[in-house]
Amino acid sequence: MDRSELNDLAQRERASWKPARLHCCTASGCLATGAEGVFKAMKQAITDKGLTDRVQAVGVGCLGLCGRGPLVQLAPQGPLFEQVSAEQAPSMVGAAVGESPHAAILDTAHPFFSSQLKIVCETSGEIDSERIEEYLALGGYRALHMALTEMTPAEVVQTISQSGLRGRGGAGYPTGLKWATVAKMPPGPKYVVCNGDEGDPGAFMDRSVMESDPHRVLEGMAIAGYAVGATQGFIYVRAEYPLAVERLRKAINQAKKLGVLGSGVFETPFDFRVDVRIGAGAFVCGEETALMASIEGRRGSPRPRPPYPAEMGLWDRPTLINNVETFANVPTILRKGADWFASIGTEKSKGTKVFSLTGKVRNTGLVEVPMGTSLRHIVEVMGGGVEGGSVKAVQTGGPSGGCIPAEFLDTSVDYESLAQLGSIMGSGGMIVMDQTTNMVEVARFFMEFCMDESCGKCIPCRVGTVQMHRLLSKIAEGKATSTDLALLEQLVPMVSETSLCGLGQTAPNPVKSTLRYFRHEYEERLRPMTSTNGRVPLPLRLA
Amino acid sequence: MSVVTLTIDEKIVSAQEGQTLLDVARENAIDIPTLCHLDGVSEAAACRLCLVEVVGTSRLLPACVTRAAEGMVVHTTTPKLVEYRRMILELFFTERNHVCSVCVANSACELQALAASQGMIHVRLDYLHPHLPVDTSHQQFGIDHNRCILCTRCVRACDEIEGAHTWDVAGRGIHSRVITDLAQPWGEATSCTSCGKCVQACPTGALFRQGSTVAEMQKDREQLAFLVRARKEKQWIS
Amino acid sequence: MAPASHPSGDKRFKILDVTMKRHLYQHDALIEVLHKAQELFGFLELDVLLYVARGLKLPPSRVYGVATFYHLFSLKPQGEHTCVVCMGTACFVKGADRLLAAIEQQAGIKAGQTTPNGKLSVMTARCIGACGIAPAVVFDGVTAGQQTPETVQQQLKGWL
Amino acid sequence: MDKLKFATVWLGGCSGCHMSFLDLDEWLIELADRVELVYSPLMDAKKFPEDVDVVLVEGAVANQENEEMAHRLRKASRYVIAFGDCAVTGNVTALRNPLGLALEVLRPVYLENGDANPRLPDEKGIVPVLLDRVLPLHQVIPVDCYLPGCPPDAPRIRAVLQDLLDGKVPQLSVEQRYFG
């Protein structure tokens with residue numbers, strides 16, 4: 001396929017779209033609340049009403065406000081219906097031809113929607129996630145075509161570097177720098193790996209992107225492959241995301257059929273294959289060296305870095321590993337330019353970030369906002385705050401992150417500001433806690449998570465997490481003394497500094513941050529020590 | 001291969017480029033504790049006891065896999081490292097049931113010796129006291145999981161030197177165990193050649209020769225390094 | 001060379017053979033092959049693990065090590081029905097522990113166990129990514145959101 | 001010159017540490033010049049005194065009697081030494097811990113394998129009630145000094161006591177720190 005064929009296909013697809021499209025969210029969240037029935041009922045209603053030439057029902061990706069699903073949006077520019085049922089399908093189909101609908105309508109002028117800036121989620125919720133043609137119709141694979149035909153690999157790396165894009169998996173390593181390192185490695189087999197092992201509890205941005213817009217991720221990977229000189233890509237998805245796996249596989253097949261993946265992409269000499277690899281339930285596989293071990297079919301145990309995957313990764317070959325959201329940014333950056341991307345966000349954190357806003361907040365779901373948006377804006381304005389209460393803390397970064405107390409809600413959300421508060425950006429989980437949340441329990445919850453997910457290779461993580469969990473349980477149950485708290489405070493830096501991989505190194509973070517901001521909640525649970533009766537042990541008087 | 005000069009604990013030492021800090025330190029009689037390192041097999045970097053401070057790096061680096069580099073300034077016994085090593089040893093002692101007084105390897109145990117040398121004479125954390133099996137189904141050897149520290153020396157020695165890959169690690173986290181074949185009794189593991197390398201490799205009394213009682217077990221850990229060296233250099237008599 | 005199929009003549013081993021062949025008996029296909037085996041047999045019997053080890057030319061201890069590392073692989077038979085309670089953070093702050101307690105009480109077993117009559121296995125998940133509709137429970141592969149102790153008990157009634 | 005009020009206590013242990021203490025041989029005479037033995041299983045004192053300078057505590061805390069004794073001696077003593085591996089680590093006394101809580105340990109012994117009249121030992125005031133878990137001494141009371149060994153050999157014991165008599169914080173050499 002060449003440029004004109006690509007354009008033709010896109011135009012033909014656009015032309016085939018009906019004047020009114022009922023976008024029914026068919027991502028996991030809405031499917032769990034019955035979206036499939038709604039979707040089928042809408043199709044049926046269209047046929048029943050004889051509107052097949054005017055209206056079409058489209059199973060699209062995530063529409064954002066998962067807490068109010070199933071969601072249906074009438075496109076273009078129609079109302080967004082919430083909590084719809086199959087019974088309401090005829091009414092919504094009627095709305096597509098101007099009748100007044102009998103379904104609850106969400107106010108899309110609400111900041112939850114209006115404050116968003118969509119780059120990663122640009123086409124999510126706009127297109128049928130299972131048809132490459134719809135992605136093409138909205139400009140999909142243009143960026144890849146442009147890279148292959150108009151740019152050298154070095155120019156692609158240059159563009160990504162200039163855009164200021166940083167890794168969206170958590171640590172925020174400059175993406176361009178990573179690409180440049182892999183690109184510089186001597187020629188030979190190299191790999192591109194997409195980390196879709198989104199394991200942080202409370203985070204589902206990557207699931208949503210993979211389910212809603214799998215081609216965007218594939219396109220980003222292919223561009224990366226071209227830039228660094230790799231011909232093989234792997235996308236590692238956790239097995240808990242079966243729908244994402246299914247859609248990615250479907251997408252890969254479609255892309256291969258059209259010649260936008262496989263050998264001779266867009267009839268250029270560039271070959272790029274992508275294989276899906278499925279995890280099997282191990283959080284530690286989100287750590288890049290463990291992930292590579294898992295792709296190689298081994299236990300997901302991490303190994304020390306250096307050597308970094310960029311030098312020695314999969315099968316000891318140079319390997320580029322980026323997260324789903326990072327790759328999803330790439331096509332847009334290429335199409336709109338590095339300067340445009342760099343104009344969004346803060347000085348050091350460019351672009352947008354997708355957050356999954358959950359917990360004790362009114363509006364739960366996915367939001368994509370420019371970097372630098374304040375936590376308060378996200379939680380209280382977009383999220384609508386806590387129903388009948390107030391925010392106590394916001395947890396970001398999952399088990400590796402921290403709890404940010406309400407007094408810091410005005411903090412701007414960017415890599416540096418969150419780190420300064422003792423939390424991290426992480427992959428984008430944002431869990432709101434209200435005054436009823438017990439912070440010692442929160443710390444214990446995360447520690448239990450890390451304890452269960454520790455691979456067991458290194459001792460500080462394998463046993464240190466168990467010991468910290470015991471101490472936290474003792475404190476939570478009122479059985480601990482100040483000695484126990486002191487021990488916990490000694491374990492925290494020890495486990496952070498001595499663990500082999502990121503899991504152990506960050507496992508104490510939730511304890512660290514809750515101790516920092518909610519120390520009194522620990523202290524008020526301590527019991528008094530056995531007294532030494534005021535006797536001073538040393539120095540002994542000489543006898 | 002070029003030679004680099006670096007400083008370890010205020011001492012200026014020279015090293016071959018690419019040599020590990022652990023190697024260089026040992027050549028210069030600087031003691032860095034370790035439990036998972038074993039001469040002759042690959043590194044696991046799992047016991048974290050050999051972590052050292054390198055000036056200019058905020059992270060602690062495992063000496064067993066960190067390469068010596070020109071001008072490097074290394075500290076092996078800062079107060080922080082001493083404290084962390086003590087706590088790591090405490091973690092080892094709490095994890096399983098290490099009862100030196102009734103152990104075959106009493107006085108031939110690397111864990112016991114490190115506790116003494118690193119000043120770990122009591123454990124502040126709770127002992128976990130897991131209930132673990134002892135497998136004496138093998139004709140010559142036995143494994144007492146109560147004494148296993150999961151250093152994986154046996155796994156590596158069996159795979160890399162003997163080539164049998166009888167041992168591996170099963171489970172994960174605190175539930176990890178070393179296993180033979182499909183975790184059946186050792187005596188039924190058909191891949192086992194009964195070479196005994198794992199027993200020699202084991203730093204504690206977890207793997208032992210049957211028939212030895214408390215404090216009788218001797219270990220010759222040099223034997224494995226000898227094999228590797230002899231095979232590589234084609235020299236069996238030094 | 002393709003390994004001779006299983007002496008039992010069980011057709012499922014043939015399907016496993018096809019999966020291994022499709023992956024060219026590569027070592028890195030181990031996890032994929034184990035997924036397939038679990039799908040076919042319901043759980044990973046030692047016999048199956050040994051078969052996979054032979055097929056992929058891997059040491060049995062390595063296959064066992066991998067099979068026990070990943071939580072989704074089970075070496076024990078599962079119940080006829082499964083109920084997975086998501087214990088992710090979002091579900092946790094919305095009371096997933098109460099859901100689990102209600103289920104455990106109703107079924108008389110703990111998470112990770114199967115009822116003695118083999119009808120139901122209760123499990124927990126680390127986060128199924130359905131945080132927007134927390135707390136979530138997966139009944140036989142179907143996710144249900146915004147659950148309460150009453151709704152889950154209602155669902156399980158017919159399964160016990 | 002006042003003599004140091006010195007005590008030794010035997011909790012859940014085999015008394016091997018006390019035997020090792022007797023191995024101090026003629027140094028015991030020297031010790032006797034410097035300390036006054038106020039309480040010990042080696043002598044006939046019924047009650048732990050109110051004011052003790054140094055106490056050697058052998059054995060782990062395995063039952064309620066041990067626990068009460070530990071608290072009593074801590075209140076009355078200026079310097080508590082965990083004496084031997086059982087006191088320091090739980091050691092052999094704690095070998096029952098992996099088997100489960102007290103009842104799970106007692107049941108197979110006294111009930112399932114009991115002969116004519118299987119019953120749990122429960123004479124109030126005579127048979128002390130087992131704690132669910134055997135604990136090293138420092139997990140029950142604050143401890144000032146650890147003297148490991150099973151048993152600690154006489155030179156180790158002497159090293160610690162000598163330092164104390166000299167008014168120093170006891171220091172054990174690496175060889176003297178071995179468990180077992």
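The model is a predicted one, so local features need pLDDT of at least 70 and side-chain atom pairs count only at pLDDT 80 or more, while totals for chains, interfaces and linings use all residues. Residues are numbered from 1 along each chain as its sequence is written, and chains are lettered from A and ligands numbered from 1 in the order in which they are written.

Across from A:Thr396 sits A:Gly402 of E13(A). Five residues lie between the two strands of this hairpin, and A:Gly397 has a positive phi near 85°.

Now for chain B, which splits into domain 1 (3–75) and domain 2 (83–233), with bounds taken from an automatic or database domain assignment. Their C-alpha centres are 24 Å apart. Domain 1 of chain B puts 14 residues into the contact and domain 2 of chain B puts in 22, where contact means C-beta atoms, placed from the backbone, within 7 Å.

Ahead of strand E1 (3–8) of chain B comes the segment that holds B:Ser2. B:Ser2 counts as exposed because it has 7 C-beta neighbours inside 10 Å, the cut-off for exposed being 12 or fewer other C-beta atoms, placed from the backbone, within 10 Å. From B:Ser2 to B:Asn28 it is 26 residues in sequence and 18 Å in space, C-alpha to C-alpha.

Conventions. Two strands pair if DSSP finds at least two bridges between them. Helices (H or I, at least four residues) and strands (E, at least two) are DSSP runs, numbered from the N terminus. Two residues are in contact if their C-beta atoms, placed from the backbone, lie within 7 Å. A residue is buried if 20 or more other C-beta atoms lie within 10 Å of its own, exposed if 12 or fewer, and partly exposed in between; C-beta atoms are placed from the backbone.
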